[in-house]
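Q: Could you take a close look at one residue and what surrounds it, and then at one helix pair?

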Amino acid sequence: MSCRVVVLLSGRGSNFRAIVEARLPVEIVAVVSNRPQADGLVWAREQGLPTVALDHTEFADREAFDAKLADEIERHQPDLVVLAGYMRILSPAFIARFEGRLLNIHPSLLPAFPGLKTHERALAEGVKIHGCTVHFVTAQLDHGPIVIQAAVPVRADDTPETLSARVLAQEHRVYPQAIRWFAEGRLVNKCGCINLQDDSASQSVFPTES
Ligand code: GRF
């Protein structure tokens, strides 16, 4: 039986597209957005995928919205919930409901630079290596067991935009890979560290660029 995936997004959805285009052994059973006009949701609709728009501004508070969101997701009986540019903090109750089957991608090498504006902050700190991380979501924002990371060298003339574009290209490689491993049942959580079962594949990706 194939792995049932629900995707959550808020914006352009380029990671979501990369996941679809990777033709993974998964079934995308719903694409859910808190922004009814999100480009990613429009694209999902064009692909004939089931979509759900749930406008968070119509709810009294985060808890009420997240409770409805969780019910909506649960209706689709997902094995995995994928955050693909979902730009809202999730409440602890929501995370508890899906913990262990909730993946996120973050545009930095965690635990460095959790939160927003990661590329600006990486440049301001003068780091020489930046990148992205796919991790399981836990109650601590942008923490949680790491599945795979990709490293991107920082260039002296980088701007947040140029750096972000190169990191995004790596995001599009590692997120499908992480989902494939999950679907194959190969991610093993050993005391908070994720190991890949039955394989010598590396869980880090180094840039192909020079
Ligand atoms: C990505 O940079 C991702 O790492 C972050 O939000 C951005 C979403 O981009 N969580 P997209 O909507 O997938 O194009």
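A: Happy to. Leaving aside neighbours within four places in sequence, Asn34 is in contact (heavy atoms within 4.5 Å) with Leu9, Ser10, Leu54, Asp55, His56, Phe65, Tyr86 and Arg88. This is a predicted model, in which local features need pLDDT of at least 70, side-chain atom pairs count only at pLDDT 80 or more, and totals for chains, interfaces and linings use all residues. Residues are numbered from 1 along each chain as its sequence is written, and side-chain values use heavy atoms, with hydrogens and water left out.

Asn34 sits in the loop between strand E2 (26–33) and helix H2 (39–46); helices (H or I, at least four residues) and strands (E, at least two) are DSSP runs, numbered from the N terminus. With a relative accessible area of 2%, Asn34 is buried (under 20%, using a 1.4 Å probe and protein chains only). Two of the residues listed above also meet its side chain through polar contacts: the side chain of Ser10 at 2.7 Å and that of His56 at 3.1 Å. A polar contact is a pair of N or O atoms within 3.5 Å; within protein, one must be able to donate a hydrogen and the other to accept it, and residues adjacent in sequence count only if both atoms are side-chain atoms.

Now to the helix pair. Helix H1 (residues 14–21) packs with helix H6 (residues 160–183) at an angle of about 50°, their axes 9 Å apart; axes are lines fitted to C-alpha atoms over the stretch in contact, and angles run from 0 to 180 degrees between N-to-C directions. The contact is made by Ser14, Asn15, Ala18 and Ile19 of H1 and Leu168, Glu171, His172, Tyr175, Pro176 and Ile179 of H6.

Note on methods
Buried < 20%, exposed > 50% of the residue type's maximum accessible area, 1.4 Å probe, protein only.
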